[in-house]
Amino acid sequence: MSAVVPGLPLVLDLDGRDVLVVGGGPVAAAKARQLLAVGARVTMVAPHFDEASHFDAASDLAELPGPAVQRRRRAYRPSDLNGCWLVITATDDEDVTAAVAADAAAARVFHNAADRPEHCSATLMALHRRGDVTVAVSTGGRSPAAAGWLRDRLAATIDAGAERAVRVAAVARDRIRAAGRSSEGLAWRNLLDEAAGLDGGRVAEADDAAADLADRFVRRALSGDAHSSPGGAHGSPDGDRAGRVQLVGAGPGDPGLLTVAAVAALRWADVVVHDALVGDGVLALIPKGTELIDVGKRPGRPVPQEAIGALLVLLARNGRRVVRLKGGDPYVFGRGGEEALALAAAGVAYDVVPGVSAALAAPALAGVPVTQRGLAAAVTVITGHRALSQPPVDWEAAARLGGTLVVLMGVAERAAIAAALQRGGLHPDTPVAVIERASRADQRVLRTRLRSVGDLLVEAPATLVIGEVAALDLRSAGGASSGASAIEGATTELCAAVG
């Protein structure tokens with residue numbers, strides 16, 4: 001089969017079944033160990049078992065349980081495939097690998113060849129197991145190292161809550177089916193969400209609560225009251241539980257700067273209420289079928305903050321799982337605090353997922369450390385945009401704070417801000433860095449002096465960094481033209497990992 005054709009992932013039950021491993025080196029020993037762990041009967045065939053190699057295969061091969069592994073110290077024969085369910089080739093001999101592949105295809109036995117995807121009819125995946133949960137990642141045999149790397153990243157999201165949720169759902173499913181009832185169409189996702197959210201810090205209490213949760217779900221299922229709502233699998237939970245809101249920070253724009261918790265929230269939600277500044281790459285990570293509601297404030301399109309809060313409350317009261325996706329961090333000039341107060345006043349449950357704020361990310365991606373020994377011992381973050389009901393920023397007082405000033409949403413008022421800072425005693429030659437569209441492919445960094453910042457042609461969104469550190473450029477010597485290039489690879493692989 002062609003290596004470019006996507007395969008069908010399966011879980012093979014090899015317990016008590018015969019598997020052939022062709023090869024006698026450390027890679028073959030590692031494959032045999034994997035097979036033994038799932039109960040296979042393993043036969044290894046090789047002219048020589050390299051038990052004295054520099055790979056320390058001696059200990060590896062010697063530790064394989066003798067009775068469970070047959071070793072045939074000779075060359076491979078086609079008859080070795082007789083009775084086998086699977087064959088794995090782990091040898092540097094290309095001719096042997098090709099011969100095994102041809103024989104396996106003729107015998108209709110699936111074949112895996114280590115580091116030879118062109119000869120594989122089966123590909124082994126990088127695995128992570130926690131209880132009954134298994135994470136398996138495949139790159140089609142093209143990069144086992146990348147598969148392991150992605151597995152570890154995804155495994156970090158599988159915590160005790162996820163394992164508990166699987167146990168609860170399995171118990172409930174078995175009991176419902178034992179009662180002769182169908183388990184189709186039930187509100188499983190809501191049950192899993194609730195089970196995963198039980199307090200894992202107190203294991204005994206959480207396990208007791210999980211058992212009670214399974215009992216309640218089974219009772220509702222048997223009475224016909226635990227089916228998903230007409231709105232679909234992500235609709236109203238099960239009639240006695242309101243929806244929930246997560247206030248999620250989307251970072252400055254590049255999806256590579258999302259936290260693992262933010263990615264998990266996007267996959268959990270059935271509706272995402274997002275700002276205008278959320279990057280397209282971040283929105284692309286949201287699963288198809290998830291409802292998107294754009295409440296971004298734009299010129300000529302003011303969206304009252306009270307209306308956003310009311311929308312979140314309405315969606316949650318309708319049993320929806322809501323992500324309020326905000327650029328940067330929800331609580332750093334993101335008005336997340338106002339939305340949290342609105343939710344609390346309405347009795348709606350909510351969580352906060354912090355994000356990477358442009359106040360710190362933009363300077364870093366421009367090579368500017370906001371604190372630096374000998375130059376800046378403090379950093380002050382100020383907004384250049386104030387609501388009419390709030391008093392104006394005392395920029396002259398800010399000038400006397402010392403350290404670094406980071407101004408968000410200050411593009412339109414940059415000339416007035418610079419003048420006020422100079423009146424407060426900040427020297428006209430104070431360095432200023434202006435970072436446009438931080439972390440995105442078209443990021444641009446402009447450097448000037450305080451007296452000239454009003455003369456720059458600047459486009460929003462932009463972050464102003466004012467202070468001696470703004471003269472520094474500590475980006476890598478490789479000459480990256482934008483901070484986005486530093487995380488481009490991670491972004492690409494993250495998108496692949498989450499689908």
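This is a predicted model: local features need pLDDT of at least 70, side-chain atom pairs count only at pLDDT 80 or more; totals for chains, interfaces and linings use all residues.
Trainee: How many of the 8 residues of helix 12 are buried?

Mentor: Helix 12 spans residues 358–365. Its buried residues are Ala 358, Ala 359, Ala 361, Ala 362, Pro 363 and Leu 365, and they pack against strand 13, strand 14, strand 15 and strand 17.

Trainee: Which residue caps the N-terminal end of helix 12?

Mentor: The cap involves the backbone nitrogen of Ala 359. A side-chain oxygen lies 3.1 Å from that nitrogen, and this oxygen belongs to Ser 357.

Trainee: Within what arc do the buried residues of helix 14 fall, seen down its axis?

Mentor: In helix 14, residues 414–423, the buried residues are Arg 414, Ile 417, Ala 418, Ala 420 and Leu 421. They line one face of the helix, because the arc within which they fall is 165°.

Trainee: What covers the buried residues of helix 14?

Mentor: The cover includes elements from several parts of the chain numbering, given here by residue range: 395–399, 404–408 and 462–466. Named in that order, they are helix 13, strand 14 and strand 17.

Trainee: Is Val 379 buried, partly exposed or exposed?

Mentor: Val 379 is found in strand 13, residues 379–383. Together with Phe 333, Val 381 and Met 409, Val 379 makes a nonpolar surface patch of about 300 Å². Buried means under 20% relative accessible area and exposed means over 50%. The value for Val 379 is 33%, so this residue is partly exposed.

Technical notes
Residues are numbered from 1 along each chain as its sequence is written. Side-chain values use heavy atoms; hydrogens and water are left out. Patches are made of residues with over 30% relative accessible area and no salt bridge: like charges are joined within 9 Å, nonpolar side chains (Val, Leu, Ile, Met, Phe, Trp, Tyr) within 5 Å. Accessible areas come from the Shrake-Rupley method with a 1.4 Å probe; for residues, only the protein chains shown count as cover. A salt bridge is a side-chain nitrogen of Lys or Arg within 4 Å of a carboxyl oxygen of Asp or Glu. Helices (H or I, at least four residues) and strands (E, at least two) are DSSP runs, numbered from the N terminus. Buried means under 20% relative accessible area, exposed over 50%, partly exposed in between (1.4 Å probe, protein chains only). The arc is that of the directions from the helix axis to the C-beta atoms. Contact means heavy atoms within 4.5 Å. A polar contact is a pair of N or O atoms within 3.5 Å; within protein, one must be able to donate a hydrogen and the other to accept it, and residues adjacent in sequence count only if both atoms are side-chain atoms.
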